[in-house]
Amino acid sequence: MALAVEEMVKLPGGEFLMGSDEHYPDEGPAHRAAVDAFSVDPRPVTNEDFSEFVEATGYRTMAERPLDRARYPGVPADSLAPGSAVFVMTDGPVDLRDWSHWWQWTPGACWRRPEGPESDVTGRGDHPVVHVCHEDAAAFCEWAGKSLPSEAEWEYAARGGLDAAEFVWGGDDPQESRPLANTWQGRFPYENTELDGWTRTSPVGSYPPNGYGLDDMAGNVWEWTDDWYQRRRRAPAAPTCCVPLNPRGGSARGSLDPSQPQTPVPRKVLKGGSYLCSIQYCFRYRPAARQAQTIDTGLSNLGFRCVVRER
């Protein structure tokens, strides 16, 4: 059942170190930020939750609708059919700079059929829903009387009170020996040792919660935020007297990917990493880590959770 507001975790708000200067450039500069009090779902939205929403509203996700040819000029006709991108393990080593080696556009793939037409979510009601674009996630939130978190709210919640810690559980990374989250172990993208027990999504709450009692704030699935992506966060050029309160991202126009002018689709910030993240590729199962995603795109490792603001 979709979580009621009373089942959410209430956070008092406060100040924290946002971002990092240690890893990917767009995580910096690290800076102090603050958020007001808010409540957050203790887990990502699950297939069971989303099914309840769809049954109540008749909603169809973007992956279940054919694409508009006028909106996507130059896209082959067979790629305009309803579908989504599915991770497919490769047969051997590939160039990790080219994600097309392991992402496959799959007609018929959607939240009901995560790996394509021959799959379903039977027995996976407690797994995070996937193949939801930003519009789909926002529609669920509106139905539930909630919102998508800002990037700052998400990161504050993920840190669980461990200010400036590298991981949601602290400073050490045991993912290759004693996993504390659903990430990739082995040589990406062709060998997964399943040391953590999973190749794809895992049931929510399969690993210890963070300090605020929140599950899956690292790994399992990426999670949508409602902030527009910008390459580097805005930060004061010189020290100021005040810590930014409830900072938000840039603009839709500023979020466009300059390398893809043929498809000018705005991008939002994703947080948390997924079951595809590892130390050798996409080392992003950390609170400071972030990734841009076009708002019309769902993936087999992308979900969301909701917040309710007290203001």
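**Figure 1. Helix α3 is mostly covered, with nine of its nine residues buried.** Here, buried means under 20% relative accessible area, exposed means over 50%, and partly exposed lies in between, using a 1.4 Å probe and protein chains only. The buried residues of α3 are Glu151, Ala152, Glu153, Trp154, Glu155, Tyr156, Ala157, Ala158 and Arg159. After the helix comes Gly160, with a positive phi near 60°. Helices (H or I, at least four residues) and strands (E, at least two) are DSSP runs, numbered from the N terminus. A word on the source: this is a predicted model, in which local features need pLDDT of at least 70 and side-chain atom pairs count only at pLDDT 80 or more, while totals for chains, interfaces and linings use all residues. Residues are numbered from 1 along each chain as its sequence is written, and side-chain values use heavy atoms, with hydrogens and water left out.

**Figure 2. Three strands form an open, antiparallel sheet in the order β1-β4-β11.** Strands count as paired if DSSP finds at least two bridges between them. At the edges are β1 (9–11) and β11 (307–309), each pairing on one side only. Neighbouring strands in this sheet are turned by 25° against each other on average, direction ignored. Helix α3 (residues 151–159) packs on the sheet and touches β1, β4 and β11, and its direction makes about 70° with that of β4. For these angles, axes are lines fitted to C-alpha atoms, for helices over the stretch in contact, and angles run from 0 to 180 degrees between N-to-C directions. Strand β4 (residues 38–40) pairs with β11 in the antiparallel sense over three bridges. Look for Val40, whose bridge partner in β11 is Val307.

**Figure 3. Phe38, Phe50 and Phe304 touch the most other members of the largest nonpolar core, which has 52 residues.** A nonpolar core is a set of buried Ala, Val, Leu, Ile, Met, Phe, Trp, Tyr and Cys residues joined through side-chain atoms within 4.5 Å. Helix α3 gives the most to this core, with five residues. In soluble globular proteins, nonpolar side chains tend to be buried together. Not counting residues up to four places away in sequence, the contacts of Phe304 include Pro44, Val45, Phe50, Phe140, Cys141 and Trp222; contact means heavy atoms within 4.5 Å.

**Figure 4. Helix α1 has buried residues on one face.** Asn47, Asp49, Phe50, Phe53 and Val54 are the buried residues of α1. Seen down the helix axis, they fall within an arc of 160°, so they line one face; the arc is that of the directions from the helix axis to the C-beta atoms. Glu55 and Ala56, on the other side of α1, are exposed. The cover over the buried residues of α1 includes α2. Just beyond α1, Gly58 has a positive phi of about 75°.

**Figure 5. Helix α2 (residues 134–144) has buried residues that include His134, Asp136 and Phe140.** Ala137, Ala139 and Cys141 are also buried in this helix. Among the elements covering the buried residues of α2 are α1 (47–57), β7 (222–228) and β8 (267–271). Just after α2 you will find Gly145, with a positive phi of about 75°.

**Figure 6. Four strands make an open sheet of mixed pairing, in the order β9-β8-β7-β10.** The edge strands β9 and β10 each have a single partner strand, so one side of each is left without a neighbour in the sheet. Strands β7 and β10 pair in the parallel sense over two bridges. Glu223 has Gly303 of β10 as its bridge partner.

**Figure 7. Asn301 sits in the loop between β9 (291–294) and β10 (302–303).** Asn301 is buried, with a relative accessible area of 4%. The side chains of Asn301 and Ser274 are joined by a polar contact of 2.9 Å. A polar contact is a pair of N or O atoms within 3.5 Å; within protein, one must be able to donate a hydrogen and the other to accept it, and residues adjacent in sequence count only if both atoms are side-chain atoms. Leaving aside neighbours within four places in sequence, Asn301 also contacts residues including Trp103, Val130, Trp222 and Tyr275.

**Figure 8. Strand β5 (residues 83–87) is largely enclosed by the rest of the structure, because five of its five residues are buried.** Strand β5 runs antiparallel to strand β6 (residues 103–107), joined by five bridges. Within this pair, Phe87 stands opposite Trp103 in β6.
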